[in-house]
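Thanks, everyone. Please have the sequence and the structure up on your screens. I'll keep this short.

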Amino acid sequence: MKSFFGKKRKSSKSESDGDSISDAAVGDVFTVTDLSIEYEDSYFIIEKLNRYKSDWGEWYEILGVDGDKRLWVYWSGPRGVNVSVMMEERPLGLTSLGIDEETLLRLDEAQSIDSYIEVEGDAYYYNNSAEAFLYEDNTGKGRGFYVWDFASEDGNTMLSIDKWEGVPFQGHFVESVPPESVSLYKR
């Protein structure tokens, strides 16, 4: 199957002049190892590439599709140093997360990394909150929204809660993965 894509497999954190996740483009293919047995043999074709920007940084996301499997991969930092994956696409509301809008507003005002929320008995520590902008297909003026980011105690799971105008609050869990677990195949 690897030879089908015409280029040698290169990890996202290659020390050589190889392709990294930050080189991804629509139409390229990627794989993710050490995530879930369900995704081990999947080759995801990139259908979407978006960029985000806020006062605390810039990050990217790609949507990969392999048949009926959909996987979002996020990265930030030079050459994709921080990489995470979202398997569940359906967002969770604040009630499902066991928090309310007032809690988010309080955390935003406090801006304290000592603050945390509990979701199903697990603590998620406040990382940051800010207005951010989505540049769909990595172009255009950007559409604004507000985002709160939290991390589990071990740092392996992130919870991101966003609020778009006219849309209810929505939360998404993402799993941190080592950059070398994502391999990119250029088209």
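Predicted model: local features only at pLDDT ≥ 70, side-chain atom pairs only at ≥ 80, totals over all residues.

Let's begin with the cores. As background, in soluble globular proteins nonpolar side chains tend to be buried together. Here, the largest nonpolar core has 18 residues. Which of them touch the most other members? They are Ile 21, Phe 30, Ile 62 and Leu 71.

Next, strand 2. Val 29 and Thr 31 point one way from the strand. Phe 30 and Val 32 point the other way. Are these four buried or exposed? All are buried.

Now look at the partners of strand 2. Strand 3 runs antiparallel to strand 2, and two bridges join them. Strand 12 also runs antiparallel to strand 2, joined by four bridges. Find Phe 30 again. Phe 30 stands opposite Phe 44 in strand 3, and opposite Leu 184 in strand 12. Remember that Phe 30 is also one of the core residues touching the most other members.

On to Lys 48, which sits in strand 3. What does the side chain of Lys 48 join through a polar contact? The side chain of Asp 137, at 3.3 Å. Leave aside the neighbours within four places in sequence, and Lys 48 is in contact with Val 26, Glu 61, Ile 62, Leu 63, Trp 72, Glu 136 and Asp 137. Ile 62 is on that list, and we met Ile 62 in the largest core.

Last, the rings. How many aromatic pairs does a search of the whole structure find? The count is 13. One of the pairs is Tyr 116 with Tyr 125. Their centres are 5.2 Å apart, with 45 degrees between the planes, and the pair is tilted. Tyr 116 has a relative accessible area of 43%, so Tyr 116 is partly exposed. Tyr 125 is partly exposed too, at 28%.

Elsewhere, Tyr 52, Trp 56, Trp 59, Phe 145 and Trp 164 form one aromatic cluster.

Two charged side chains to finish. Arg 51 lies over the face of Tyr 135, 4.1 Å from the ring centre. Lys 163 lies over the face of Phe 169, at 5.7 Å from the ring centre.

Methods: Residues numbered from 1 in each chain as written. Heavy atoms only, no water. Core = buried A, V, L, I, M, F, W, Y, C linked by side-chain atoms within 4.5 Å. Buried < 20%, exposed > 50% of the residue type's maximum accessible area, 1.4 Å probe, protein only. Pairing = 2+ DSSP bridges. Polar contact = N/O pair within 3.5 Å; in protein donor to acceptor, adjacent residues only side chain to side chain. Contact = heavy atoms within 4.5 Å. Phe/Tyr/Trp six-rings, centres within 6.5 Å; stacked < 30°, edge-to-face > 60°. Lys NZ or Arg CZ within 6 Å of the ring centre and 35° of its normal.
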